[in-house]
Amino acid sequence: MKHKICLSVLLLFSMVACSELKKVDEMHDATVKMSDTTEDMKKSTGELKDQTDELYDALRQGNALQLRREAYNSVLQAPTLFKKISEATKYFMSYEVQLWNGLGQDRSSAKRELLEQQAAQEFFMEIEELAQRDNSVDPLAEPDAKDITSRDNLTASFNAMAVAMDRTNRKQVENVDRLGETELVSMYSLMEEALLAPRDIPQKGSIREVLAHEEKAIQILQTRYNMFPLMFIDMVSKLGDKNLVMQAKTLLMGWDLDMSGMNATQVEYLKTEVLQKGIDAKNLLIKLGKTPQMDSKVKRLIDKMKVQKGAAKLSFTEAQNQQTLINMLKEIRE
């Protein structure tokens, strides 16, 4: 009897154990299936992410290209130099390299380098129709909205491009800050880097594109060197007409450097965003072994400047600011 009881107990335990083992097996099978499902989901999610990244990249490329086309046409059609510069700024801000964000397909540094190369390649192809063939500079070329293909209008558009090519998109500034990068990319920075690169070895990427058009890059630098002092004269002469070209004859008779009423922000703008950029263009030309060439009319305009003599008209701070600007203008002129 005792043996039967023991046998029954053992049989019961065996059945329970088998049942538990079956449950364990079933749990294992379920876990394996869940793992497979998770991997499938990961794969699907990864594929979806790749497709989304590709879609974003394709849409960005198309949208940026469309914006550049519209801005480029607006540069040609703008009736004044300052309006052309405004439209040229939008043109440069719409390059894809300005929209690089370090996410998705932008995660690799190679992508940013590719966008830099594509930007330089496109830019130098675009300005071929704008630049004077002999690589000369004509800073007082007059815009002509009625005949956008005229030589003067094309040259005026080239001048605007030369002025605006250092501008950056705020999206690039935000992305660079977020990623802890240190370098902002502009068409000017790409050109500067390339022109300072060694010539004795073959170059790649954007450097190659710029050096393939080195003479045109130097022409752009010479243009910037001439344009910024012209912009300064327009801003401080207060003629009330933002078309400096139309006022050139008047200015050549003499003009007053009028600092009265300028606030600190305006003065700082003239220093950093106008005159300093002219100085930088001059210094880069010298560093490259090139002679900065100032147009004779620009020289005459600078030389015809009349400085206010009455000390009572200017405060001590205004007088200091005025002298700083005069010194910077002289540095460009020399």
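I looked up the crossing first: α10 passes α12 in a left-handed crossing, meaning that the near helix is turned anticlockwise from the far one by less than a right angle. The model is predicted, so I note that local features need pLDDT of at least 70, side-chain atom pairs count only at pLDDT 80 or more, and totals for chains, interfaces and linings use all residues. Residues are numbered from 1 along each chain as its sequence is written, and side-chain values use heavy atoms, without hydrogens and water.

The axes of α10 (residues 264-287) and α12 (residues 316-333) come within 9 Å and cross at roughly 20 degrees. The two helices are therefore roughly parallel (angles under 35 degrees). Their contact (heavy atoms within 4.5 Å) includes Leu 270 and Ile 279 of α10 and Leu 325 and Met 328 of α12. I find 8 nonpolar, 4 polar and 3 charged residues in the contact of α10 with α12.

Next I checked α3 (residues 109-126) against α6 (residues 187-195), and they pack at about 95 degrees with axes 10 Å apart. That makes α3 roughly perpendicular to α6 (65 to 115 degrees). Among the residues in contact are Phe 123 and Phe 124 of α3 and Leu 190 of α6. The contact of α3 with α6 has 7 nonpolar residues, no polar and 1 charged.

Last, I asked how many residues of α4 are buried (under 20% relative accessible area, 1.4 Å probe, protein chains only). I got 12 of the 14, so α4 is largely enclosed by the rest of the structure. Phe 158 and Met 161 are among the buried ones.

Terms used
Axes are lines fitted to C-alpha atoms, for helices over the stretch in contact, and angles run from 0 to 180 degrees between N-to-C directions. Helices (H or I, at least four residues) and strands (E, at least two) are DSSP runs, numbered from the N terminus. Angles under 35 degrees count as roughly parallel, over 145 as roughly antiparallel, 65 to 115 as roughly perpendicular and the rest as oblique. Ala, Val, Leu, Ile, Met, Phe, Trp, Tyr, Cys and Pro count as nonpolar, Asp, Glu, Lys and Arg as charged, and the others, Gly among them, as polar. Buried means under 20% relative accessible area, exposed over 50%, partly exposed in between (1.4 Å probe, protein chains only).
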